[in-house]
Each structure stands twice: as C-alpha cells, then as structure tokens.
Amino acid sequence: NAQGRQARAGGWGPLLGDPGSATALVLDCLRRLVHDPCRFRHSDPLVLVVLKHWRCSSLQELSGQVRPSPGSVPQLAALAPEVIALARRGHPVAQAVLEHHTATLARMIRQVQQELGLPHSPVALAGGVACGSAHFRALLRKQLPLGVRFRLVRHPVAGALRLAFRFWHEHHRP
C-alpha cells in the first residue's frame, strides 16, 4: 500500500498449499475420487480422463502412479485443463473443486485487501489457471465484491521488476 506495507495469503507451493493452482485443482479432484470410489463409475467423465492421463485401468491403480517425484507436479498440472473443461460442462465434482478453490482465493484476496486497507484495489492474477481460464475467473469474480477488477500478470517476474523500478524511481529521485 502507500505506506509500504505488504501482505501475503497463499502461494505456498504444491505441498503446503496453493489454492487455485493447476496442481491443487487436480489433487483435489483425485482425492475426491479415491476417497469415495463407490460413488464413481468407470464411465464417469472425470474418472475416464484421470485413468487415460495416468494410463490406468482403475482408480485403485492410481496409488502406484501418483507419487511425489521431480516430474509429478507438471504431470498433475497437465490435467487441469481437462478438469476445468469438465467443470464448465457441469461435472459435479469438477465444479465443486473449482468453486471451493475460487471461494478460498476470494477469501484470501479479501484478507490481503483488508490488511492493507485497500478494499477495492485491483487484483493481480498470475498462473496458468487464473490467466488461462475465463471460466475460473468468472467463478472467482462471483465470490468478490462488485467492482473488483482483475489484472492478468502473464509473467510475474516482469511484474515484480516493474514494481521494483516504480518503487526505486519514486524513492530515489535526484
């Protein structure tokens, strides 16, 4: 804010929590599937997408496929566009996952805005899901007060450099 105060909510990475990230969306879907396998038939579109992605014939086989490894985060994240597409088409689990993550992000945004005393400030969105899915942004927008604007930050490092330059310029004038 104008006083130089900063606030943070979320963005702790795939292990500690990164609501709304591609990895978090997919992990949430997978957990919902494997924790209630009787609810899902083999013909369920989400089950079919998951099984195809990991080349499995059943949900039981996933435990051998989904393991922490250097390549697991990108492999998980790669399934997010399918989850979002299923949510857009009304799949109840995919929809519930997106609604949960957008509600969590909205709560975190309001928390930061409140901490900084900026209740109607624009919100910078970064990441593949937030920047790449209009459906995700529409769900997020519904969770926030009217008038909150989004700014898409396709390259967060470039945005950080612009902010640093602006800060330096404002505080180091000759």
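One definition before I begin: helices, with at least four residues, and strands, with at least two, are DSSP runs numbered from the N terminus. Please note also that this is a predicted model.

I start with the largest pocket, which holds about 1,900 Å³ of space. Its lining comprises 47 residues, and the closest to the pocket centre are Leu116, Pro122, Val123, Ala124 and Leu163. By class, the lining of the largest pocket has 26 nonpolar, 13 polar and eight charged residues.

The second largest pocket has a volume of about 250 Å³. Among its lining residues are Pro14, Leu15, Leu27, Arg31, Arg67 and Leu76. Two or more lining residues come from each of α1 (13-16), α2 (22-35) and α5 (72-77). Seven residues of this second lining are nonpolar, three are polar and two are charged.

How do α6 and α7 cross? The axes of α6, residues 80-88, and α7 come within 7 Å, at a crossing angle of roughly 105°. Angles from 65 to 115 degrees count as roughly perpendicular, and α6 and α7 are therefore roughly perpendicular to each other. On the α6 side, Val83, Ile84, Leu86 and Ala87 meet Ala94, Gln95 and Leu98 of α7. This contact has six nonpolar residues, one polar residue and no charged residues.

Thank you.

Note on methods: Residues are numbered from 1 along each chain as its sequence is written. This is a predicted model: local features need pLDDT of at least 70, side-chain atom pairs count only at pLDDT 80 or more; totals for chains, interfaces and linings use all residues. Side-chain values use heavy atoms; hydrogens and water are left out. On a 1 Å grid over the protein atoms alone, a cavity is a set of points where a 1.4 Å probe fits but cannot get out, and a pocket is an open set with protein on both sides within 12 Å along at least five of seven lines; lining residues have an atom within 4 Å of a point. Grid points are joined across faces, edges and corners, and a volume is the space filled by probe spheres set on the points. Ala, Val, Leu, Ile, Met, Phe, Trp, Tyr, Cys and Pro count as nonpolar, Asp, Glu, Lys and Arg as charged, and the others, Gly among them, as polar. Axes are lines fitted to C-alpha atoms, for helices over the stretch in contact, and angles run from 0 to 180 degrees between N-to-C directions. Angles under 35 degrees count as roughly parallel, over 145 as roughly antiparallel, 65 to 115 as roughly perpendicular and the rest as oblique. Contact means heavy atoms within 4.5 Å.
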